[in-house]
Amino acid sequence: MRRMPAVAHRFYPGEPEALRRQVEELTAVPPGTKKTAACAVIAPHAGYMFSGRVAGEAFAQVDIPATVLILGPNHHGLGAPVAVMAEGSWEMPLGIVPLDRELAAAILAASPLAVADPAAHQREHSLEVQVPFLQLLQPDLAITPVALGHLPFSACRELGLALAAALKAVTRPVLMVASTDMSHYEPRSLASRMDHRALERVLSLDPEGLYRTVIGERISMCGIIPTTVVLVAARELGATRAVLVRYTDSGETTGDTTQVVGYASLILS
């Protein structure tokens with residue numbers, strides 16, 4: 001099946017040339033910038049006018065391989081809790097992106113939690129908004145999209161270890177992308193304080209600490225599940241370092257700091 005764009009013209013430009021120009025601007029880096037061979041990127045998924053630069057700065061610093069595993073929260077509640085889109089392609093304004101069927105099959109084989117379920121992906125924006133950045137930086141891109149509902153930490157750990165096993169099984173470079181925004185609709189001072197509590201745990205590569213901090217302190221980080229799962233997988237794959245590329249909030253765009261959404265991007269290597 002071919003998945004059509006769900007949020008083009010809303011979260012990002014739907015016209016190919018306008019989208020290409022915007023993504024090129026958002027991913028511009030100084031000449032000679034050395035790119036990182038990263039294990040994972042954590043990036044926000046709001047409209048590009050709000051969080052595009054936060055995401056773009058991180059992706060621009062990473063050597064994007066031909067296969068990218070994208071994990072995002074399931075905002076609509078459709079489909080399975082761990083929904084893998086295993087076959088078909090995504091039709092995006094910048095062109096058709098094939099799905100990596102081998103990686104999808106490896107994930108389904110490695111984890112009984114994972115289900116081949118395209119329904120969860122049809123309206124979900126958290127994965128879609130990452131794709132134009134990846135397309136522009138890697139013309140030979142193939143993706144494996146995974147939409148995640150709420151899971152207990154034990155299931156996050158189980159899934160993360162299974163993803164690491166699947167990535168080892170395909171024996172080629174794969175970048176993981178965890179899609180998340182941070183606090184939602186809090187005053188800037190509170191959002192920043194809460195978000196940095198969570199980010200401390202990410203920077204320490206501490207998935208259980210992140211999960212317990214976000215759930216225990218009621219931090220409205222919508223991508224806590226994909227971020228936790230990716231942290232587990234990254235540690236299992238040998239990641240030893242996390243770097244915060246940029247943190248900001250929606251008030252930088254709107255001027256309203258009474259109710260902001262926080263955005264952060266990080267690179268794990």
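**Helix packing and burial in a predicted model**

Q: Which residues does Leu210 touch, not counting residues up to four places away in sequence?
A: This is a predicted model, and Leu210 is found in helix H8. Contact requires heavy atoms within 4.5 Å. Once residues up to four places away in sequence are set aside, Leu210 touches Ala198, Arg201, Val202, Met221, Ile224, Thr227, Thr228 and Leu231.

Q: Is Leu210 buried or exposed?
A: A residue counts as buried under 20% relative accessible area and as exposed over 50%. The relative accessible area of Leu210 is 0%, so Leu210 is buried.

Q: How are H7 and H8 oriented to each other, roughly parallel or roughly antiparallel?
A: Helix H7 covers residues 188-203 and helix H8 covers residues 207-216, with their axes 8 Å apart and an angle of about 170°. Angles over 145 degrees count as roughly antiparallel. H7 and H8 are therefore roughly antiparallel.

Q: Which residues in H8 meet H7?
A: By class, the contact of H7 with H8 has four nonpolar, two polar and two charged residues. On the H7 side stand Arg197, Ala198, Arg201 and Val202. Their partners in H8 are Gly209, Leu210, Thr213 and Val214.

Q: How far apart in space are Leu210 and Ile267, C-alpha to C-alpha?
A: In sequence, Leu210 and Ile267 are 57 residues apart. Their C-alpha to C-alpha separation in space is 16 Å.

Q: Which residues of H2 make the contact with H1?
A: H1 contributes Leu19, Gln22, Val23, Glu25 and Leu26. By class, the contact has four nonpolar, three polar and three charged residues. H2 contributes Tyr48, Gly52, Arg53, Gly56 and Glu57.

Q: What radius of gyration does the protein chain have?
A: The C-alpha trace spans about 45 × 45 × 40 Å along its principal axes. For 269 residues, a compact globule would have a radius of gyration near 18 Å. The protein chain agrees with this, at 17 Å.

Q: What percentage of the residues of the protein chain count as buried?
A: The protein chain has ten helices and twelve strands. Its accessible surface comes to about 10,800 Å², with 52% belonging to carbon and sulfur atoms. Of its 269 residues, the buried part is 56%.

Key
Residues numbered from 1 in each chain as written. Predicted model: local features only at pLDDT ≥ 70, side-chain atom pairs only at ≥ 80, totals over all residues. Heavy atoms only, no water. Axes fitted to C-alpha atoms, helices over the stretch in contact; angles between N-to-C directions. Helix = DSSP H or I, 4+ residues; strand = E, 2+ residues; numbered from the N terminus. Parallel < 35°, antiparallel > 145°, perpendicular 65-115°, else oblique. Nonpolar A, V, L, I, M, F, W, Y, C, P; charged D, E, K, R; others polar. Buried < 20%, exposed > 50% of the residue type's maximum accessible area, 1.4 Å probe, protein only. Rg over C-alpha atoms; globule rule 2.2 N^0.38 Å. Areas by Shrake-Rupley, 256 points an atom, 1.4 Å probe, with all protein chains shown as cover.
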